[in-house]
Amino acid sequence: MMEAAQADVVTYEFTATITTMKLDYTVVTESSLPGKTISVGEAVRGRLTYNTQTPLHSQWIGEPGEPGTARNYAARGMKNTMSFVFETHGFSFDSAPSTSKDDQMDITVRNDTDAPMGAPGPYDQLNIEAYSVNSYGRNFGSLSMNDYTGSLLVHGDIPHRLPDINSKYILQEFEYNLDHNGVWLSARGALTSLTLVSSVPEPSTYAMFMAGLACLAWRRRTRR
């Protein structure tokens, strides 16, 4: 029996709360760079779209004493975007689709990485990082997930689904970074919700699925 076509372009909505901030190497509770006021405790609301068929860009294979593997997926024109707004002060981030060198998304999958002290054991990690360049400088927005169950990421592939926000052994984080004329601003926090909005096969995938259904129908007719 033929399986349903897996979605290639996946969209999620997410929320997060900022818990820590740094301006260069100094811990701060609020930053008021020109046009960018962000505070600890501020809520973030965003949207993420990524294509699971984004091609492999580079990979790293571990060595003795440095275990694990890492695969980086990135390409132009893959409809990968991330946008979010800081709800208290209204500052927003919006990455353009992956059509230029400066506006793009990197998706990195790490497997069997050494776990930090106190964690259950080696873990897998998914990191989705979007870039954008505007008059304020170079912006980075990212979502990262550390999976201590070994069930989130299979063979280093981009997952078709992200894990539930309440998973016990999955740590999910949000981060925003800005390089503003040599001044580095970093705001980090925990994801508070992650909701699947849509999952749509690419036209080529859908066409293959429909062709498979047509083939099955033809076989059934010829057997009668």
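Trainee: Is glutamate 87 buried, partly exposed or exposed, and what is its relative accessible area?

Mentor: The model is predicted, and the class follows from the computed accessibility. Buried would require under 20% relative accessible area and exposed over 50%. Glutamate 87 falls in between and is partly exposed, with a relative accessible area of 42%.

Trainee: With which residue does glutamate 87 form a salt bridge?

Mentor: The structure holds four salt bridges. In the one formed by glutamate 87, the closest N and O atoms are 2.6 Å apart.

Trainee: Which residues do salt bridges that share partners join into one network?

Mentor: The side chains of glutamate 173 and arginine 188 meet in a salt bridge of 3.1 Å, N to O, and those of glutamate 175 and arginine 188 in another of 3.6 Å. Glutamate 175 is in strand S13 and arginine 188 in strand S14, 13 residues apart. The network consists of Glu173, Glu175 and Arg188.

Trainee: What is the relative accessibility of arginine 188?

Mentor: Glutamate 173, in strand S13, and arginine 188, in strand S14, tie together parts 15 residues apart in sequence. Glutamate 173 counts as partly exposed at 25% relative accessibility. Arginine 188 also counts as partly exposed. Its relative accessibility is 34%.

Trainee: Which residue has a side chain that a polar contact joins to that of serine 193?

Mentor: Serine 193 has its place in strand S14 and counts as partly exposed at 22% relative accessibility. Leaving aside neighbours within four places in sequence, its contacts are Glu13, Phe14, Thr15 and Ile165. The side-chain polar contact, of 2.5 Å, is with threonine 15.

Trainee: Why does asparagine 111 count as buried, and what is its relative accessible area?

Mentor: Asparagine 111 lies in strand S10 (residues 105–113). Beyond its neighbours within four places in sequence, it is in contact with residues including Gly68, Tyr123, Leu153 and His155. A polar contact of 3.4 Å also joins its side chain to that of aspartate 124. Because buried means under 20%, asparagine 111 qualifies with a relative accessible area of 8%.

Trainee: What distance separates the C-alpha atoms of asparagine 72 and tryptophan 60?

Mentor: Asparagine 72 lies in strand S7 (residues 66–73) and is buried, with a relative accessible area of 14%. Leaving aside neighbours within four places in sequence, its contacts include Pro55, His57, Asp106 and Thr108. Tryptophan 60 is twelve residues away along the chain, and the C-alpha separation is 8.7 Å.

Trainee: Which residue in the turn between S3 and S4 has a positive phi?

Mentor: S3 and strand S4 (residues 36–39) pair in the antiparallel sense over four bridges, with serine 31 opposite isoleucine 38. Strand S3 (residues 30–33) has Ser31 and Leu33 on its covered face, and Glu30 and Ser32 on the uncovered one. The two strands form a hairpin with two residues between them, and the positive phi, about 80°, belongs to glycine 35.

Trainee: What percentage of the residues in the protein chain is buried?

Mentor: The secondary structure comes to one helix and 14 strands. Among contacts between residues at least 6 apart in sequence, 65% join residues at least 24 apart. The chain exposes about 12300 Å², with carbon and sulfur atoms supplying 52% of it. Of its 224 residues, the buried ones make up 42%.

Notes
Residues numbered from 1 in each chain as written. Predicted model: local features only at pLDDT ≥ 70, side-chain atom pairs only at ≥ 80, totals over all residues. Heavy atoms only, no water. Buried < 20%, exposed > 50% of the residue type's maximum accessible area, 1.4 Å probe, protein only. Polar contact = N/O pair within 3.5 Å; in protein donor to acceptor, adjacent residues only side chain to side chain. Contact = heavy atoms within 4.5 Å. Pairing = 2+ DSSP bridges. Areas by Shrake-Rupley, 256 points an atom, 1.4 Å probe, with all protein chains shown as cover.
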